[in-house]
Amino acid sequence: MSGGEVLQDRYEIVRVLGEGALGRTMLALDRQRGGAGVAIKELLPSRMKRWKDYDLFHRECRTLRSLSHPGIPTYYDDFVIEGADGEPSRLFLVQEYVDGRELQEMLDDGHVFDEDAVRDIARQTLEILDYLHTLNPPVIHRDLKPANLMFMSTGRLKVIDFGAVREAITADGIGSTIVGTFGYMPPEQYAGASQPATDLFAVGATCVQLLTGRPPGEQFEGLHKFNIPADLPVTLGFEKILLRLTEPEVNDRYQSAREVLRDLEDRFLMVPKQSLTGHLPIPHRIRPAPRPTPGFYLRDAYTGFSHLAVVVLSVVAVLLSLAFPVTVLVTSQPAWAFLGAFGTIMTIGMATVVSAKARNEISVYRRGNYALGEITGRFMSTSSEAGTHLTYRYVVDDGTFRHGCIATDDKSYRKLTPGDPIGVIFLPDEPTEHVLYAVPDKWSKRNTVGINRRLTDSRSEADT
């Protein structure tokens, strides 16, 4: 099709913008709208290999006609020009002309996206998905990828190409048509069971591609397991979001765009790794409850002593305190025996309190759920106080934050500053009941945070 051709006595073709597998997109001037620029998508029958392509094209027209969002190109018109002399009919879709660049084109040109840029792209895409997924019925795009995200000079983003879209008309969102692009498709999409969480997986895969410059298909083990590179240049918080977005099991993934937007807004653990100053070896994941007794590895964050050592030392202290009154009583010195008995009673009382606290925290460790937390504040000690004063927060199972504070003599906590990660184990039925948790760093003598990055394997070396 050459420039200057007029369709429907209204649309004057200017030039071809791009060619696709099934058609092409052209820039045209709409004479009925004062010569405003529009984008016309033409489906070329000569390139179609199945009747489903016609269905998808008409589905895109119907979908765009019903949508209204600044992140989605505005629908203007669609029409068919009947072919002459046995030629097939030509199908056209007219929509808003988006003056921008596809993210895929930017990647191909070597553009480097940092975390701030990718987070902004994710946020804008999720806002559009939140609109689509909350419609009745929900609209699922099914083919989100950099080639279908248009970045404009204003910094705004638009989602394009709704040819693979589907309306979720069943309660559980199950469909039957397999449409999408390998690398951006989670396992359920191969079974034709697309749902809102399916689009969220594609958002995560797209973010990983923007950060690495590599197609997400290279990150798959077979069709089911998506691996995020261990050297991904992101903060711990954004890494956690990407991991949950790309969970192969749909029930372990985020279930709504709004959930992801909330976590992005919270900025939990989103501190550049190079700015971390803490020295605690914090595992991302440990063995699920119930756990065996932790031995001497679980330390009391307030004192720096092992909980089990506290229990053992309490028993030893009681036994030693018993030795004195027994000895003096045997040697016929009742006055000293009475004094020794009083000391023994005091020792037993203190040992009972201390060991009870230690045993309770061991119990929390064995039964509780593990989560990463972060330091939110650090305060200087007064002249009459010793140790380090810290405040922190952690996320519990319902997604809400719980807060805690600590005044500790443990040297391991001295250099922690706001944004540094900490490990927290909490009881699911009583989330405020918790212990701070770190593991011995046996393999490194450097003052670095020992982060266990193998997040999806609960049997990793960080398991205790």
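A salt bridge here is a side-chain nitrogen of Lys or Arg within 4 Å of a carboxyl oxygen of Asp or Glu. Keep that cut-off in mind, and keep in mind that this is a predicted model.

Take K145 and D143. Their side chains meet in a salt bridge, at 3.7 Å from N to O. Both K145 and D143 are buried.

The structure holds 23 salt bridges. Some share partners: R24, E42 and R90 are joined that way into one network.

Now helix α3, residues 115-133. What is the N to O distance between R119 and E115? It is 2.4 Å, and the two side chains form a salt bridge. R119 and E115 sit 4 residues apart in α3, about one turn of the helix. Both are buried.

Next pair, D120 and R123. Their closest N and O atoms are 2.5 Å apart, again a salt bridge. These two are 3 residues apart in helix α3, so about one helical turn separates them.

Last topic, helix packing. Look at α6, residues 236-245, and α7, residues 257-266. Their axes come within 10 Å and cross at roughly 170°. Angles over 145 degrees count as roughly antiparallel, and α6 and α7 are therefore roughly antiparallel to each other. Which residues make the contact? From α6, they are F238, I241, R244 and L245. From α7, they are E259, V260, D263 and L264. By type, the contact has 5 nonpolar residues, 3 charged and no polar.

Note on methods:
Residues numbered from 1 in each chain as written. Predicted model: local features only at pLDDT ≥ 70, side-chain atom pairs only at ≥ 80, totals over all residues. Heavy atoms only, no water. Axes fitted to C-alpha atoms, helices over the stretch in contact; angles between N-to-C directions. Parallel < 35°, antiparallel > 145°, perpendicular 65-115°, else oblique. Contact = heavy atoms within 4.5 Å. Nonpolar A, V, L, I, M, F, W, Y, C, P; charged D, E, K, R; others polar. Buried < 20%, exposed > 50% of the residue type's maximum accessible area, 1.4 Å probe, protein only.
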